[in-house]
Amino acid sequence: MAETTALPEVMAELAGLDDPRIRAVNEKHGDDHGVNLGKLRALAKRLKAQQELARELWATGDSAARLLALLVCRPKAFGHDELDVMLREARTPKVHDWLVNYVVKKSPHAEELRVAWSADPDPVVASAGWALTTERVAKKPAGLDLDGLLDVIEAEMKDAPDRLQWAMNHCLAQIGIEHDGHRARALAVGERLEVLKDYPTPPGCTSPYAPVWINEMVSRRNGA
């Protein structure tokens, strides 16, 4: 497809990819689209980066179109306020996750948004702030108050709504995995709060329960 791909053409192709069986599975997880993600990625590869098309796809409000938009956009082309609006519009978990991971993390506005979103009263917005904080814990921890983060997690994670709780738990695990000096406290917080302790984990997968997750990842790194 050419650089000037028309929106109706792309929407028609997306409609043709919709599979009721995939939609039924996705709806159990809060997502409202029926497009196989492998096929969606193949379409994005054909389209290549098209920022104007990405904005048009996003504006449709359709989840499959928005996922495609996040694959064909130029992440650094979005402004701070534009990304803030997009996050608040991202109704479904997959769109929210892809927006944060594929676009915001690559944006020059990521740090400003991380700080603002972390303090937002909307727990879904706050979860995006915590996801960006987890990224910094792993890759750019300089300047982060890890003890302060653990204080907030210890005080608030147990009663946080699901998506925010999940994001805070991931941050807790990442602190324990990446930072030896904070590992004992991260383990102790996880053990005391018992968040996700009984989460059903398929064979061969690591439990999201922070103490198990931390110990498993540290063990792997140490070659145990």
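**Figure 1. Contact between helices α1 and α5 in the predicted model.** V10, M11 and L14 of α1 meet A64, A65 and L68 of α5, where contact means heavy atoms within 4.5 Å. This contact comprises 6 nonpolar, no polar and no charged residues. Ala, Val, Leu, Ile, Met, Phe, Trp, Tyr, Cys and Pro count as nonpolar, Asp, Glu, Lys and Arg as charged, and the others, Gly among them, as polar. Residues are numbered from 1 along each chain as its sequence is written, and side-chain values use heavy atoms, with hydrogens and water left out. As the model is predicted, local features need pLDDT of at least 70 and side-chain atom pairs count only at pLDDT 80 or more, while totals for chains, interfaces and linings use all residues.

**Figure 2. Crossing of α1 and α5.** The axes of α1 (residues 7-17) and α5 (residues 63-72) come within 10 Å and cross at roughly 115°. Axes are lines fitted to C-alpha atoms, for helices over the stretch in contact, and angles run from 0 to 180 degrees between N-to-C directions.

**Figure 3. The largest pocket.** About 770 Å³ of space lies in this pocket. A pocket is an open set of points on a 1 Å grid over the protein atoms alone, where a 1.4 Å probe fits, with protein on both sides within 12 Å along at least five of seven lines; lining residues have an atom within 4 Å of a point. Grid points are joined across faces, edges and corners, and a volume is the space filled by probe spheres set on the points. Among the 23 lining residues, D97, R163, W166, A167 and H170 are the closest to the centre. Helices α7 (93-103), α9 (123-139) and α11 (162-178) each supply at least two lining residues. The lining has 10 nonpolar, 7 polar and 6 charged residues.

**Figure 4. The second largest pocket.** Its volume is about 230 Å³. The lining residues include K105, S107, E111, R114, E135 and K140. Helix α9 gives the most to this lining, with 4 residues. By class, the lining divides into 2 nonpolar, 1 polar and 7 charged residues.

**Figure 5. Helices of the protein.** The secondary structure comes to 13 helices and 0 strands. Helices (H or I, at least four residues) and strands (E, at least two) are DSSP runs, numbered from the N terminus.
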